[in-house]
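Here is a short report on one protein chain. It takes the fold first, then the surface, then the pocket.

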Amino acid sequence: MKRNLFYLPVFLSVFLSCTLVLSQSRARDGDSKKYRLSPIVKVSTSKNPTMDAGRLNVSLLMDGKLPEDGWRSTWTAWFKVNPVVTFDLGEEKRIGVIRIYFQATDRADELAEIKVEVSKDGKQFLDFNEYDGFITEKGKGAWAELDLRAVNARYFRISPQFQGWGHLWGEVEFWEIAN
């Protein structure tokens, strides 16, 4: 019995370590690409966050910390406003996935659509794609994952459209293709 108790902490530590390592994997079935999280140099928005979130600026979207579920946290919020959020990665990178941590307030399908535009110089943006179908539980944070396949750009302009309350965003991640 004592011998079995000895192995339990070892097993748990190995299991948790593997879980943490694999949880950041962007691998997909049939996709041999390797991904790494790309740092964001600067973020700006066409419309400042509204209401109480006005004191929480858009730089919180790239701080690596997820807000708690519910309203009174560090969510960057736009009430009844569709902002245009521009991200500068500092240099041109090959991005495969963008992830946005968001929370629905009014409706499960509150985040109706996201338009992505890309640029190499930050002046001339090209339409890349539009994404929809984001459904989640109200009052709980969830990741919206945008598959870009492989886009070479430095600047990414994201234009979300809401239906219902507005937008609550907690974090935005850019996953660079490493191979």
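## Fold

Helices (H or I, at least four residues) and strands (E, at least two) are DSSP runs, numbered from the N terminus. On that basis the elements of the protein chain run α-β-β-β-β-β-β-β-β from the N terminus on. That comes to one helix and eight strands. The model is predicted.

How much of the contact set in the protein chain comes from residues 24 or more positions apart? Among contacts with a separation of 6 or more, such pairs account for 79%.

## Burial and surface

The protein chain has 179 residues, and 40% of them count as buried. Buried here means under 20% relative accessible area.

The protein chain exposes about 10300 Å². Carbon and sulfur atoms supply 52% of that area.

## Largest pocket

The volume of the largest pocket is about 220 Å³. Its lining holds 14 residues. Nearest the centre of the pocket lie Leu-37, Gly-64, Glu-171, Val-172 and Glu-173.

Which strands each supply at least two residues of the lining? They are β1, spanning 35-38, and β8, spanning 166-177. β8 gives the most, with four residues.

Sorted by class, the lining of the largest pocket has eight nonpolar residues.

Terms used: Residues are numbered from 1 along each chain as its sequence is written. This is a predicted model: local features need pLDDT of at least 70, side-chain atom pairs count only at pLDDT 80 or more; totals for chains, interfaces and linings use all residues. Side-chain values use heavy atoms; hydrogens and water are left out. On a 1 Å grid over the protein atoms alone, a cavity is a set of points where a 1.4 Å probe fits but cannot get out, and a pocket is an open set with protein on both sides within 12 Å along at least five of seven lines; lining residues have an atom within 4 Å of a point. Grid points are joined across faces, edges and corners, and a volume is the space filled by probe spheres set on the points. Ala, Val, Leu, Ile, Met, Phe, Trp, Tyr, Cys and Pro count as nonpolar, Asp, Glu, Lys and Arg as charged, and the others, Gly among them, as polar. Buried means under 20% relative accessible area, exposed over 50%, partly exposed in between (1.4 Å probe, protein chains only). Contact means heavy atoms within 4.5 Å. Accessible areas come from the Shrake-Rupley method with a 1.4 Å probe; for residues, only the protein chains shown count as cover.
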